[in-house]
Amino acid sequence: MGEAPVMFEEDLHKNISNGTRSVSMAYEAVVAVANKQYLVGSTDESGSSIGVLALDQTTSKWITPVVLGDKPKICMDLSVIILNEERILVIRRDAASEDSIWFLELNTKFVRDQSQALETEVVSWSKGVIGDDLKPVVISGPSGVGKGTLISKLMDDFPTKFGFSVSHTTRAPRQNEQNGVHYHFSVRSDMEKDIKDGKFLEYALVHDNLYGTSVEAVEVVADAGKRCILDIDVQGARQVRASPLGAKFIFIRPPSFAELENRLRARGTETEEQVQKRLRNAKAEIEQGLSSGIFDHILENDDLEVCYRNLKKLLGLDVTPDVCRTSPVTEPHLRMNHLAENVDGHFVVDYKNNK
Ligand SMILES: Nc1nc2c(ncn2[C@@H]2O[C@H](COP(=O)(O)OP(=O)(O)O)[C@@H](O)[C@H]2O)c(=O)[nH]1
Ligand SMILES: Nc1ncnc2c1ncn2[C@@H]1O[C@H](COP(=O)(O)OP(=O)(O)O)[C@@H](O)[C@H]1O
């Protein structure tokens, strides 16, 4: 697999020989996917990463695609395996094992969306994660449910194991929030330019502010050999689910809407108007979290220590097993003053009339 079919090699040399395109880079492997031939090379223009070229067989034109994602460093010995029409596996045979497996996305939904947004050919690298251990973790949930509290506990208890993906946002910093630690507090125009330049894995308008996860924010954690934790909203989780990142998705649900409101108010970080806006958004977020199918697990944050223990259990950390209320949640008892029904193993809770 990964060796150029004979007719392609002849075709390639013919193209090169008749000057259709001088391929100035040494190429290690060629594969045919859909109506294109992809050359995965030992170097790109930067001279530091593996390069990618494509020959569109319908037009016989060479394409230098925009290459997104963290790029694998150059190597002199690689193999390519076609997984399907969407992605290929690239194995850097002379690299250390933790950096030898890479996916090149050629035609995934993420790549197609980026191609449309950037109006050009796009491919995207993503580092293959060996096993579950280093798989990034997406944690979502309505404002005030306890995401930050749970993540802080994980980071405090396992500082060498987990790293936090520092998002960008146009929201103003709260008291005690440090730029570059809690968020990269940004100007909207700067964020919008970087989004257009393909530097963001996902982004969304949340409570009237722009939030986004840069590719670099995730790679910084991965390069440190840590498991990346992303605290993002449901819209962002949906985008990450469609991206090549390959994460574990966990939705944190409050024990009741009234308790969520109590916590948000008690935290004292938002104005009354912002509290109302976040509570309005919370209803849709919770319904999305419970019934969208984006999330692998749903955890109820009633008792903090129980929820934290269940979170650690989900992440394969050594804890005494607990009644882990993860989806699908079977027993339909929620301390709500509102009926919850069990639909396809998920709770669809009607928060509409909860007061
Ligand atoms: N899509 C997306 N959402 C984010 C990101 N960073 C934070 N959020 C979400 O934005 C919402 C508001 O976050 P924040 O203002 O810190 O308020 P909090 O949820 O009350 O802590 C929360 O649901 C976060 O999960 C991001 O990078 N992308
Ligand atoms: N299980 C819990 N029981 C009671 N209060 C909680 C619980 N989990 C978090 N809190 C409190 O609720 C507030 C919101 O928590 P936070 O982590 O900021 O939520 P989020 O990051 O989801 O917006 C904080 O004041 C926090 O101390």
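This is a predicted model: local features need pLDDT of at least 70, side-chain atom pairs count only at pLDDT 80 or more; totals for chains, interfaces and linings use all residues.
## Aromatic pairs

Let's start with the rings. The structure holds 5 aromatic pairs. One of them joins Trp-102 and Trp-125: the ring centres are 6.3 Å apart and the planes meet at 90 degrees, so this pair is edge-to-face. Planes over 60 degrees apart count as edge-to-face.

Where do these two residues sit in the chain? Trp-102 belongs to strand 8 (residues 101–105), while Trp-125 belongs to strand 9 (residues 122–127), so their pairing ties together parts that are 23 residues apart in sequence. Are they buried or exposed? Trp-102 is buried, with a relative accessible area of 1%, and Trp-125 is buried too, at 2% relative accessibility.

## A cluster and a charge over a ring

Rings can also gather in a group: Tyr-183, Phe-185 and Tyr-211 make up one aromatic cluster. Elsewhere in your view, look for Tyr-308. Lys-153 lies over the face of this ring, at 4.8 Å from the ring centre.

## Around ligand 1

Now turn to ligand 1, which has 21 residues around it. Those that come nearest are Ser-143, Ser-167, Tyr-183, Tyr-211 and Arg-267.

Which side chains have polar atoms facing ligand 1? Ser-167 has a side-chain N or O atom 2.7 Å from an oxygen atom of the ligand, and a polar side-chain atom of Thr-213 lies 3.2 Å from a ligand oxygen. For Asp-233, a side-chain N or O atom is 2.7 Å from a nitrogen atom of ligand 1. On its own, ligand 1 has 560 Å² of accessible area, and the protein covers 96% of that.

Terms used: Residues are numbered from 1 along each chain as its sequence is written. Chains are lettered from A and ligands numbered from 1 in the order in which they are written. Side-chain values use heavy atoms; hydrogens and water are left out. Rings of Phe, Tyr and Trp (its six-membered ring) pair if their centres lie within 6.5 Å; planes under 30 degrees apart count as stacked, over 60 as edge-to-face and the rest as tilted. Helices (H or I, at least four residues) and strands (E, at least two) are DSSP runs, numbered from the N terminus. Buried means under 20% relative accessible area, exposed over 50%, partly exposed in between (1.4 Å probe, protein chains only). A charge sits over a ring if NZ of Lys or CZ of Arg is within 6 Å of the ring centre and within 35 degrees of the ring normal. A residue is near a molecule or strand if one of its heavy atoms lies within 4 Å of it. A polar contact is a pair of N or O atoms within 3.5 Å; within protein, one must be able to donate a hydrogen and the other to accept it, and residues adjacent in sequence count only if both atoms are side-chain atoms. Accessible areas come from the Shrake-Rupley method with a 1.4 Å probe; for residues, only the protein chains shown count as cover.
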